[in-house]
Amino acid sequence: MFTPDRKHVSSRFKSKALLLSLAVGGLLSVSAVMAADGPGLGKPIDESQLQGWDLIVQPDGTGLPEGSGTAAQGQAVYEQNCAACHGMKGEGSSGVPALAGGSLTTTPPLMTAGSYWPYASTLYDYVRRAMPPLAPKSLSNTEVYQVVAYVLHLHGIVERDFVLDRASLPQVKMPNSGNFIDRSQVQ
Amino acid sequence: MQNNNKSERVRSDEKIALLNDQVAGNGLISRRHLLGLSLAGAGGLVTSSVLAADAGLLTRPAWSMTPGRDPSEYGNPSSHAAQIKRLAPAPNAISPGTGASRTPLHLLQGTITPNSLHFERHHSGVPDIDPAQHRLVLHGMVRQPLEFSYEDLLAYPMVSRVHFLECSGNSGGNSSGASASDGSAGGIHGLLSCAEWTGVRLSTLLDEAGVAAGASWITATGADAASLGRSVPLDKALRDVIIALYQNGEPIRPEQGYPMRMFVPGWEGNVSVKWLTQIKVTDGPANFRDETSRYTELLPDGKSLQFTYPMGVKSVITSPSGQMTLTRHGLHEVTGLAWSGSGSIRRVEISADGGRTWADALIDADQRELALTRFRLPWLWEGAEAVLQSRATDSAGNVQPSRAAWVAQYSPANRYHFNGIQSWAVSAQGEVKNVYA
């Protein structure tokens, strides 16, 4: 474990060389100085190597893939992969959350993807990474667009023929957006 | 007969002395009895009743007459302690591997949770990860995206920190249930554990990659089937987050994220992403499912709190606690755990009369930040009904709220971040039950 292999040594020397050149150029940042904390064993990679591996989708659409889908196309995907647990209309079942319908002002409130989730991006992100539970990541990017469009349609958020893609998805206005109070600075 | 009379007389004298030392209603006794300054009688009170029960010659047990077993490679608890287990649910048929097991807090002492009993919460089961194939990728808004192997990280400078970990949904049954459930301390509050975590500072790795100007968050995902993701503000990530590789001295257990987890001290457990494989530096949170749909707190007006990170100041009496029965009158030790996601524990008060009067419990002197604290106080119970409560105060001055005050803050649908005071009712027969008081 403590025998440095050739690759490690060379990448370490490379990063030292980089630090030196940055320093000479007067660009040495605080974080570059701090790198001296560790042995510098990280292997450089390129973002292009993470295509298809990095599944993170942000509310502004960052991370959304190519492709598109409509609710009309998504109905079959939904009925085949989701309806057995989430119900034909997204009403949920015992121990399985409802996806559509519901309201936060009833007693008790019914928090569904439609009534509660603030961003459509979360639907895309979550379905792609974690659903269906027996075969997560088995749906294609296009199928995810389709099924997300269908779930949004079940709650009446988009029309049946609305084309969901990387441009339109961030524009979808969720009913409960704007009702979340950011507490992240209370640390 | 003469001895018995003498014993009765001593007992009554000692009782008077103990009652003179009462510091709060219904039998709570001064902490002095825990500090070695006790009245000589306190020990005698217990000893006399034990001797009376065990009269007769002592015999030597069989295990003192024959050699025991050989040393072993990996130890196990005594077969006589085999009932000390996590409280685990039946398997989840719909979403395999999704669920939680709880630490049996009421069966443990001290503050460190054994690795086999650390609580679990999984969102798609425990993956069986080959560390030789596992990678941690650090990318996004960095000068140079990097990939680290497990072996790489083992070569980095490490830190060891004792910290509690509490699920945001811990104790949620007491938050919203119409009536108090018949639960044990572990059953209600056991999504709480405390361990020594050893690993590499995340700041070391972020510095190696070089965080770009304008970055303000990290988004992290695990290598489990759910690829669970959470976002953490960059300032916290640089402050005290570690990539944990060891738990109580041994490689972290599979159910805690082997070979590596992000450990975020003091914050709701879900952000300490297990089986960590990706850290993407960003200029905003990803708004993952587990920070929008879940782990947000619905308020009475329909708005919700999002990114509530530190766990609130909290305590629970672990003995006597729910489902236990006091089998004798006399001196008992009330003991439990206190913790806060905003610092260390300054004070724990105990009440035996449902919160009418309070006494300061003894807490260990070497308080750690963001770790469990053990508290204790003697209690003389002679068969009167009682309601035991504990109330913690942290180093930031936060005081644990009553259950009613906590409930009033939220929608009845919210079960996250419950830190209201726990009440255990003791009946005249000594039965201890979870109650709302």
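Student: Before we start, how are residues and chains labelled, and which parts of the prediction count?

Tutor: Residues are numbered from 1 along each chain as its sequence is written, and chains are lettered from A and ligands numbered from 1 in the order in which they are written. Because this is a predicted model, local features need pLDDT of at least 70 and side-chain atom pairs count only at pLDDT 80 or more, while totals for chains, interfaces and linings use all residues.

Student: Which residues of helix H3 in chain A are buried?

Tutor: Here is the general idea: an α-helix has 3.6 residues a turn, so residues three or four places apart point the same way. Helices (H or I, at least four residues) and strands (E, at least two) are DSSP runs, numbered from the N terminus. A residue is buried if 20 or more other C-beta atoms, placed from the backbone, lie within 10 Å of its own, exposed if 12 or fewer, and partly exposed in between. In H3(A), residues 71-81, the buried ones are Ala71(A), Gln73(A), Gly74(A), Val77(A) and Tyr78(A). Seen down the helix axis, they fall within an arc of 140° (taken from the directions from the axis to the C-beta atoms), so they line one face of H3(A).

Student: At what angle do the axes of H3(A) and H7(A) cross?

Tutor: Two packed helices are described by the angle between their axes and the distance between the axes. The axes are lines fitted to C-alpha atoms over the stretch in contact, with angles from 0 to 180 degrees between N-to-C directions. Those of H3(A) and H7(A) come within 7 Å and cross at roughly 100°. That makes the two helices roughly perpendicular, a label for angles of 65 to 115 degrees (under 35 is roughly parallel, over 145 roughly antiparallel, the rest oblique). Residues are in contact if their C-beta atoms, placed from the backbone, lie within 7 Å. Among those meeting here are Val77(A) and Tyr78(A) from H3(A), and Val147(A) and Tyr150(A) from H7(A).

Student: In what order do the strands of the open sheet in chain B run?

Tutor: Strands of a sheet pair through backbone hydrogen bonds, either parallel or antiparallel. DSSP must find at least two bridges between two strands for them to pair. The order is E20-E19-E23-E24-E25 (chain B), with antiparallel pairing. E20 and E25 stand at the edges with a single partner strand each, so one side of each is left without a neighbour in the sheet. Inside the sheet, E19(B) and E23(B) pair over six bridges.

Student: Are Lys137(A) and His417(B) buried or partly exposed?

Tutor: Lys137(A), with 14 C-beta neighbours inside 10 Å, counts as partly exposed, whereas His417(B), with 26, counts as buried.

Definitions and conventions:
Contact = placed C-beta atoms within 7 Å.
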